[in-house]
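Hi everyone, thanks for making time today. Let's have the model up on the screen before I start.

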Amino acid sequence: MSRWFRSEHMEYISLIVNEDAAHDCLADLGKLSAIQFTDLNPDLTPFQRRYVSYVRRCDELERKLRFFSTECDNFGLNLETAGDIDSFLESNASIIGRTGSALSGSGAPSATGGKGASGTQLLESLEVELEGYESQLKELNAYSEKLTREYNEKVELQEVLEKARRFFMTDAPRLAVSELSSGRPGNKPGALLAGAHDDEARADLDMRFSSITGVVSTEEKVRFERMIFRATRGNCYVRFAPIKQPITDPETGSLIEKCVFIVFFKSLSIETKLKKICDAFFAHRYSLPDMDDAPAVDRMLTENAQELVDSRTVLLKNQDTRFRLCQMLAQHTERWTWIVLREKAVYHTLNMFKADVSGMLRGEGWVISESFEDVRASVNRAHSDMDHNMPSHVDQVAKPWPTPPTHFTTNKFTYGYQEFVNTYGIPRYREANPALFTAATFPFLFGVMYGDIGHGLFLFSAGLYLLWNEEKNDKAKLDEMTGGLHSGRYMIVMMGFFAVYAGLVYNDCFSLGLNLFGTRWSFGSDQPEEGDVAEMTGQYGDGDSVYPFGLDPMWHVAANELLFFNSFKMKLSVIFGIVQMFSGTCLKGINAMYFGKRLDFLFEFLPMVAFASSLFVYMVILIFMKWSINWNSRMLSATCLEPGGDGWGSADYQETVNGQTGVWVECNGGDGTCTPWGYPCQGNDDTADKCPLDFGGSGDGCQPPNLITTLINIALAPGSVEEPMYKGQAGMQNLLLAIAGISVPVLLCAKPYFLSKEMATHHHSAHDDDDDEEEHGFGEIIIHQAIETIEFVLGMVSNTASYLRLWALSLAHSELATVFWEKAMLSTLNLNWFATFIGYGVFAGTTFGVLLMMDVLECFLHALRLHWVEFQNKFFHADGIRFAPYSFKQILVDASA
């Protein structure tokens, strides 16, 4: 864990490599994932770089591979995985070819590349291989598009012929009869539409209607018909008939619903308009023979049907060929993609190198200190494999360095918490890492808010399920949400564990108390009634009177249940909050000591600790003191009792008076009653007179104080303590208030004062022109320190109040669970089985939707805020630079996501 507390040591190095061996050097360094290169050519545009042509070639190969992937998706083929990334990177040979297939008739890969093949040879082999596949696939696609278009035309022609013939055989005669019987002048054209073969009828008619037939999209049918009506002013007759089978679009491959249309008209100008409308709506027009010539129509239908069968056969053969080619490509596309990404990363990194000397390349970058020798060995090995006489050079660069990046070595458990912190901001180089503490405190604070045994077990089981499928999910391609759950699987397990732990402390399981160890309270009867008072089964302070773990289940049926739980959880929230914030302040001091910032330690950290301790840590001490004091004994010591009467000689009295503990003393005089320590009561005594402690205040220390009032009075009424808990409490609180008051001006003024002294000494020999700059710099220091002081002082108050969300959310969770149980289950148990069944469904649904889903997210977000705002702002700058190593593995992982 010490390695996780501070980031890894970094060294800034320079490496000089031979240009011929540069590719192999970077190929080995990419496997180490230990070096982050610096761009030594920031003034050059991407198109002026040395290896831009190779990067372009890799981009072109990526385009081809994306084309292959798209074609495989069109056939519903999933790309076969290239295996484990680590195995791929460690393999000595990179297979770039294809397996045997009926397409090529070759069972051997067409190209291989490994250590012996240079980057140029590797790219050339891939380009030749993929160019052939792309040309073949594009040719098949173009031929498929042409065949599909021809096939669609034949299908549409077949539908047009059938629908037109049906219209002329059925609808047209019926319309003609209707017009003849009406006696309208339009009855003669009706006879023509009916296709009558009587020569006398033809002689009676002096005109014949023309027609246009075709196919239009069903979506455009209404607009098409409306446009025809408006353009021809109603001087045409339109009929539509739907095509039952959808037609494939040759360009997109999507299915389109279409319908056949026939438009009858009698005008050359109308025909011109109709043709333009058809072209505008992308309607396909077809020329038909004279529908009166039935043999010609039948012959055309038969010929078209035969051509349709032949066209379908050729189209299916084309699709089968494309499918088999895509099947083969799906087996290798991912591996080819990984190879191209690896080569592209190599050449992109080589573009950062500088060619100071002909034939040599120089690069600089950050390397993890413990991996420095591995980097040097990799560079030397690459040169030795190339048999170059000129040795390579890898050495550290003398300071001053640029700002080092931050890198933490994480594992499966710590990765989620580190990303949790990095989302807010990257720690500075060698700064204390908040993730180390977050790994423990985040799931714990979540459990405090979500504490319930039953609900926590559900969350814990969900985390265990993710752990059970860890290896499976590591290799699978997950969506964003599932990937996030997989990354935080250990966090979810810990959240569920601490929710169960807090539930055991609260003794809360689906809003019900569990009598696991036997209650330490008794009502005195087996069937208690409302209003009965429970008594402890043992003496106060005796081990038998204490519930072994957590809260006694009797509190869940007590009338003051809510009051007790509110007080308990509120005090716990304040304690946890102050402890966490004070820990963050201590980390600020640890950072100042580590980086040698003497002024920060003396005039920021120490005043902050003094201020926080004098007020807020003191609050925690008072809470524990109030919990530890036997208030039954103290209050009894100031109670007047009749000697020998009820209560006299009770074992609850444990106060020490005159060196004697728990000794009852009888008194003489007064009204006949005495306090346990022997004070004769007069009947008009106040608590301070009867209390033997002499702590001051109204109760002299024998009454439990209201801590909120006590803390407020530290500042508003110094020296006044209404109900003290120990002797000299007023003086101690005045001292603490003075310490807090002094720490604020020290925090505000001390550091700027000493910085100004250092700046004056520093610039003593500078020119007068630097005076304005010095004044400007000192003004910024004053403003920054004022902001720092105000943020800390007010933040301690507001952040402490913010931690009360632990109490509020825990209370909301338990009360919601109680409402769901009482309203959905208890109210239906005494009705009938069906009502109970419905009630359980409502209870299960609301519990799952509200408490197991929404409340988990709510508690998660509130715990997140407590860490990001209340804890980390005490010491965390969050302005570091993340270490981005030259890593093949990370590149491939990102590409596979």
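I'll go through confidence, then some helix packing, then a pocket.

So, this is a predicted model, where local features need pLDDT of at least 70 and side-chain atom pairs count only at pLDDT 80 or more, while totals for chains, interfaces and linings use all residues. Residues are numbered from 1 along each chain as its sequence is written, and side-chain values use heavy atoms, with hydrogens and water left out.

The chain's average pLDDT (the predictor's confidence in each residue, from 0 to 100) is 85, and 90% of the residues score at least 70. Residues 92-116 stay under 50, with 54 contacts (heavy atoms within 4.5 Å) beyond four places in sequence. Residues 200-206 also stay under 50, and there the model has eight such contacts.

Now the helices, which are DSSP runs of H or I with at least four residues, numbered from the N terminus; strands are runs of E with at least two. Axes are lines fitted to C-alpha atoms, for helices over the stretch in contact, and angles run from 0 to 180 degrees between N-to-C directions. Helix α25 (residues 805-829) and helix α26 (residues 833-871) cross at roughly 175 degrees, their axes coming within 9 Å. They are therefore roughly antiparallel, a label for angles over 145. Their contact has 17 nonpolar, seven polar and four charged residues. Here Ala, Val, Leu, Ile, Met, Phe, Trp, Tyr, Cys and Pro count as nonpolar, Asp, Glu, Lys and Arg as charged, and the others, Gly among them, as polar.

How many residues line the second largest pocket? There are 47, with Ser567, Phe568, Lys571, Lys626 and Trp627 nearest its centre. By class, the lining has 34 nonpolar, eight polar and five charged residues. On a 1 Å grid over the protein atoms alone, a pocket is an open set of points where a 1.4 Å probe fits, with protein on both sides within 12 Å along at least five of seven lines; lining residues have an atom within 4 Å of a point.

Terms used. Angles under 35 degrees count as roughly parallel, over 145 as roughly antiparallel, 65 to 115 as roughly perpendicular and the rest as oblique.
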